[in-house]
Amino acid sequence: MSTTPRKRLTGEERRVALLESALEVFAKRGYHASSIDDIAREAGVSKALIYEHFTSKQDLYAELLEQHAGELFSALAEAISEAGRDASARLVVGLEAFYGFVEDHRVAWRMLFREAADPETAALLDRITAEVTAFVAGLIREDPGSRRAQDDEAAREHGVQVLAQLLVGGIQSLANWWSDHQELPRQRIVDMTMDFAWLGLQRLSRGERWQTADS
């Protein structure tokens with residue numbers, strides 16, 4: 001009686017399989033409660049084999065974070081590049097791409113983007129957030145409405161950065177909340193975000209500004 005030999009994985013295939021197993025374990029147990037032994041059992045391999053590809057549990061976690069962040073950046077860039085120059089169209093397709101990623105990768109979002117497991121991982125997550133914020137700031141900078149006649153270049157740039165921080169921080173916070181409230185459909189989340197963000201941005205683009213009592 002013959003048996004079919006198991007296909008021998010290439011190094012890259014093995015690496016991908018280990019990452020998938022690590023994500024499964026992190027999802028079940030959380031980062032801190034997970035161990036290399038747990039990941040080895042999930043993958044059906046030895047700890048030694050894992051260490052041939054990754055130096056530590058934190059290295060596995062960081063690789064997963066980088067991988068999914070790259071997918072998110074690609075989805076955002078592709079969606080916005082196809083939206084033309086209309087600001088509202090660019091914002092809504094960007095939101096659809098972002099929330100689509102959160103919906104399609106709920107486990108990855110919860111485990112990788114919400115759980116800053118240690119200082120090194122938190123620093124990596126901060127860098128990724130900064131890159132997203134810089135991307136959004138670039139889009140805002142292209143809008144003539146981001147300028148105020150009385151602002152010099154430094155003041156205008158500060159305004160762009162503040163708006164980018166507000167948008168990214170608010171949207172990320174909502175994504176964290178939504179990942180635990182799956183009963184709300186994605187389109188509802190997109191529509192409410194546009195209600196909140198676009199109405200204000202549209203008024204800014206027209207040159208309107210909030211005036212303090214002593215303005």
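Which residues of α1 are buried? The legends below take up that question, then move to other helices.

Figure 1. The buried residues of α1 are Leu18, Leu19, Ser21, Ala22, Leu23, Val25 and Phe26. Buried means under 20% relative accessible area, exposed means over 50%, and partly exposed lies in between (1.4 Å probe, protein chains only). This is a predicted model: local features need pLDDT of at least 70, side-chain atom pairs count only at pLDDT 80 or more, and totals for chains, interfaces and linings use all residues. Residues are numbered from 1 along each chain as its sequence is written, and side-chain values use heavy atoms, with hydrogens and water left out. The buried residues of α1 pack against α2 (36–43), α3 (47–53), α4 (57–81) and α6. Contact here means heavy atoms within 4.5 Å. An α-helix has 3.6 residues a turn, so residues three or four places apart point the same way. The 19 residues of α1 should span 27 Å at 1.5 Å a residue, and the end C-alpha atoms are 27 Å apart, which agrees. The expected span of a helix is 1.5 Å times one less than its number of residues. Just after α1, glycine 30 takes a positive phi of about 85 degrees.

**Figure 2. The whole chain, built from helices.** The chain has 9 helices and 0 strands. Helices (H or I, at least four residues) and strands (E, at least two) are DSSP runs, numbered from the N terminus. Of the 215 residues in the chain, 36% are buried. Take the contacts with a separation of 6 or more: residues 24 or more positions apart account for 68% of them.

Figure 3. From α1 come Leu23, Phe26 and Ala27; from α6 come Val107, Ala108, Met111 and Leu112. By class, this contact has 7 nonpolar, no polar and no charged residues. Ala, Val, Leu, Ile, Met, Phe, Trp, Tyr, Cys and Pro count as nonpolar, Asp, Glu, Lys and Arg as charged, and the others, Gly among them, as polar.

**Figure 4. Serine 21 and alanine 43.** Serine 21 sits in helix α1. At 10% relative accessibility, serine 21 counts as buried. Not counting residues up to four places away in sequence, serine 21 touches Ile39, Glu42 and Ala43. Alanine 43 belongs to helix α2. Is alanine 43 buried or partly exposed? Its relative accessibility is 24%, so alanine 43 counts as partly exposed. Leaving aside neighbours within four places in sequence, alanine 43 is in contact with Leu18 and Ser21. Alanine 43 and leucine 19 are 24 residues apart in sequence, and 9.2 Å apart in space, C-alpha to C-alpha.

**Figure 5. Helix α7 (residues 119–141) and what covers its buried residues.** α7 has 23 residues. Its first and last C-alpha atoms are 32 Å apart, close to the 33 Å expected at 1.5 Å a residue. Thr121, Leu124, Leu125, Ile128, Val132, Thr133, Val136, Ala137 and Ile140 are buried in α7. Their cover includes α4, α6 and α8. Alanine 122 also lies in α7. At 23% relative accessibility, alanine 122 counts as partly exposed. Alanine 122 and alanine 62 are 60 residues apart in sequence, yet 9.8 Å apart in space, C-alpha to C-alpha.

**Figure 6. Alanine 175 in helix α8.** At 0% relative accessibility, alanine 175 counts as buried. Leaving aside neighbours within four places in sequence, alanine 175 is in contact with Phe98, Tyr99, Val102 and Trp109. Alanine 175 and phenylalanine 98 are 77 residues apart in sequence and 9.0 Å apart in space, C-alpha to C-alpha.

**Figure 7. The bend in helix α9.** α9 bends by about 30 degrees at aspartate 195. The bend at a residue is the angle between axes fitted to the seven residues ending there and the seven starting there. Buried in α9 are Ile189, Val190, Thr193, Met194, Ala197, Trp198 and Leu201. What covers them includes α5 (87–104) and α8 (153–178). Just after α9, glycine 207 takes a positive phi of about 95 degrees.
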